[in-house]
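Keep the structure open as you read.

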Amino acid sequence: MVVSEGLLKWVMRFYPPLLFQRIWVVKFSKGYRGVKVKVRKSFLNKNYNNSIFGGTLFSAADPFYPILFYQIFSHKGYKLTVWSKSATVKYARPAATNLFFDIELSDSDIAEAEHVLNTAGKFIRSFPIDIYNKDGEICVSLMIEVYVRNLNFTDTTI
């Protein structure tokens, strides 16, 4: 579904898997070049150590690179399949407070993806996400592998 940045922000805020884990989309950047996300600590997502569940932190990071790529290329007229193919998570310290992260796609990231989609039909690449506490300390580092397939691609080399 191709939508505006503001509408998707509100849809994602009230999407139950994110809402109940207290994952809040602060803002999508113009042209879907990035997103700012906050993970609020609450009784709904804290564990017995009084920190945010690791699953909540993974869930917070999981959908956003695919969403950005989907929206960017759908707005350009591409028909796509996009998903998070894999991820690695490294927990650095307990998430004892609210957490924050930003994702930004550069012009070169987008140009590379578009070139690969038009020449090979599918783009697969890993992107980093660092999730910070209120003091700016990294609590979690993730690598999200994004899979993007151009459904209109026809291989003419055969």
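The backbone nitrogen of Asn49 lies 2.9 Å from a polar atom of the side chain of Asn47. A polar contact is a pair of N or O atoms within 3.5 Å; within protein, one must be able to donate a hydrogen and the other to accept it, and residues adjacent in sequence count only if both atoms are side-chain atoms.

This is a predicted model: local features need pLDDT of at least 70, side-chain atom pairs count only at pLDDT 80 or more, and totals for chains, interfaces and linings use all residues. Residues are numbered from 1 along each chain as its sequence is written, and side-chain values use heavy atoms, with hydrogens and water left out.

**The loop and α3**

Asn47 sits in the loop between β2 (34–39) and α3 (54–61). Helices (H or I, at least four residues) and strands (E, at least two) are DSSP runs, numbered from the N terminus. Asn47 counts as buried because its relative accessibility is 18%. Buried means under 20% relative accessible area, exposed over 50%, partly exposed in between (1.4 Å probe, protein chains only). Leaving out residues up to four places away in sequence, Asn47 touches Ile52 and Phe53. Contact here means heavy atoms within 4.5 Å.

Which residues of α3 are buried? They are Thr56, Leu57, Ala60 and Ala61. They lie on the same side of α3, because they cover an arc of only 130° around the axis. That arc is taken from the directions from the helix axis to the C-beta atoms.

**Aromatic rings**

The structure holds 12 aromatic pairs. Rings of Phe, Tyr and Trp (its six-membered ring) pair if their centres lie within 6.5 Å; planes under 30 degrees apart count as stacked, over 60 as edge-to-face and the rest as tilted. Here are two of the pairs.

| Pair | Centre to centre | Angle between planes | Type |
|---|---|---|---|
| Phe14 and Trp24 | 6.0 Å | 85° | edge-to-face |
| Phe64 and Phe101 | 6.2 Å | 65° | edge-to-face |

Phe64 in helix α4 (residues 64–75) and Phe101 in strand β4 (residues 99–104) are 37 residues apart, so their pair links distant parts of the chain. Phe64 is buried at 0% relative accessibility, and Phe101 is buried at 1%. Phe14 is partly exposed, at 47%.

One aromatic cluster is formed by Tyr65, Phe69, Phe73, Tyr78, Phe123 and Phe127.

**Charges over rings**

Arg13 lies over the face of Trp10, 4.4 Å from the ring centre. Arg40 lies over the face of Trp24, at 5.1 Å. A charge sits over a ring if NZ of Lys or CZ of Arg is within 6 Å of the ring centre and within 35 degrees of the ring normal.
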